Amino acid sequence: MQVKGESLQEYDAPFTSWIDDVPTCRYSGIGSATNELYRRDGTRQQRHSFQNRSFRFHVEDYQLCVYGVFQGFGGHRVADFISKRIPAELLWGQLTTEKTDEEVKNILRKAFINVDKEYFESIGEVLARRMVLKESHQQAGENDERIVRQGAVAIIAVILKNRLFVVSLGDCAAILCKNTEIIPLCSNHTVDNEDEILRLNHLGLQLQVNKQYPDLGDGRLTRCFGNHLVKGGYKENNLLRCATEEPVIPEPEVFGAIPMDTDVYILLLYTSSLVKAFVEATSAQSPETDLVQMCRHYMREEASLSGVAQAVVDQVVRLHRDTLEVTGGRAETLEDMTLLIRDLREYRAKEGAGGGGRGPAASTLTGSSARPTVESSTTTDSSEVDNTGKVLPIDENGRIKPYVDFAPFYKLWNERKLSQNS
């Protein structure tokens, strides 16, 4: 029986986005880098299209901010779908300040599970065509096989008034940085996690900790979005067919509620590939601490939080490249990476004002008009910047108030015009 397959281009085309008009959060920024293959001759080549997605939304009516970082594998289709569907589950009144902590956490869990179900419904024709071919003892098309193997992992942060929730699925990570401590807010849903191995073995499998399994999503994931062959199609999977139920699940772990008090500083969401590249380049024992220090450094140097995030990612990429050039040897790869930074210092001002203020706290980001104070800086040369200049006042709209008096100029200008006319 011949079943005509649809083109891969049709299924890989980006989904039409309805979220383009949702306001973005001005107290956040995103940096990213595409994958690379380092060749033996020193040249670099992109291996595949960029598979990560991210968003940063602010809905003032609900005092709600939602941030997300998604890392795709096998293609960008799942990450693209999830990043456009998750906001619909969270932004339009589902999360309100009246909700209790448990109610919010239940909404977040259901959002992940429902969107994963919607994704499989969106590829229903592919799954049906593939099943017909297999029942006829025919090989499914290469395009269909690629689609059913695609998946994604995610990390999402929700700030509801003065409460923080973090939702973790897969191996993306989140860090809450306070004045004196760094708090990880994520779960490692991989074969490196003993609890996950125990969960899978209770289903009748025999897996070992820290061992790579090619039949799992991305070789190691125990929870993810998408990837039919480890979920509805797990009976086709030689590694998982003995499980008593679907072994890989889309159910996330939710952390919170965490109060936004006067100690909070920044929140970082990032893909595992960022830390992996940093560790490969530096052999750092505490990569999370080092990443936070890098963010602090660039927050004194850059004019925007997107500039900060991009500067950190660029430095990691540069360190990775330099290490390879110094050590030489075989070709290696660098995967897509994404970093999202959320500046939380506005909550210090709100807390200091009794929790009712809306104005953000002072910032050291040079030139950022979104902060209530702006530091002027004087460049002495290309590598030295003085960030200790005077503070310039701004008005209620965040604009710098006029501080140059042009009266002498206009006086001379008018005198010159009069003399020319006479």
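In the predicted model, helix 8 (residues 287-299) lies across strand 8 (173-178), strand 9, strand 12 (264-270) and strand 14, and runs at about 115° to strand 12. Helices (H or I, at least four residues) and strands (E, at least two) are DSSP runs numbered from the N terminus; axes are lines fitted to C-alpha atoms, for helices over the stretch in contact (heavy atoms within 4.5 Å), and angles run from 0 to 180 degrees between N-to-C directions. Helix 9 (residues 305-327) lies across strand 1 and strand 14, at about 25° to strand 1.

The open sheet has 5 strands in the order 1-14-12-8-9, with antiparallel pairing (at least two DSSP bridges between two strands). Strand 1 (28-33) and strand 9 (182-184) are the edge strands, each pairing on one side only. From one strand to the next, the twist averages 15°. Strand 1 pairs with strand 14 (residues 337-343) over 6 bridges in the antiparallel sense, and Ile-30 stands opposite Leu-340 in strand 14.

Arg-223 is located in the loop between helix 6 (194-201) and strand 10 (225-226). Arg-223 is buried, with a relative accessible area of 9% (buried, under 20%; 1.4 Å probe, protein chains only). The side chain of Arg-223 makes a polar contact with that of Glu-196 (3.0 Å); such a contact is a pair of N or O atoms within 3.5 Å, one able to donate a hydrogen and the other to accept it, and residues adjacent in sequence count only if both atoms are side-chain atoms. A polar atom of the Arg-223 side chain lies 2.9 Å from the backbone oxygen of Glu-251.

Residues are numbered from 1 along each chain as its sequence is written, and side-chain values use heavy atoms, without hydrogens and water. As the model is predicted, local features need pLDDT of at least 70 and side-chain atom pairs count only at pLDDT 80 or more, whereas totals for chains, interfaces and linings use all residues.

Definitions and conventions. Buried means under 20% relative accessible area, exposed over 50%, partly exposed in between (1.4 Å probe, protein chains only).
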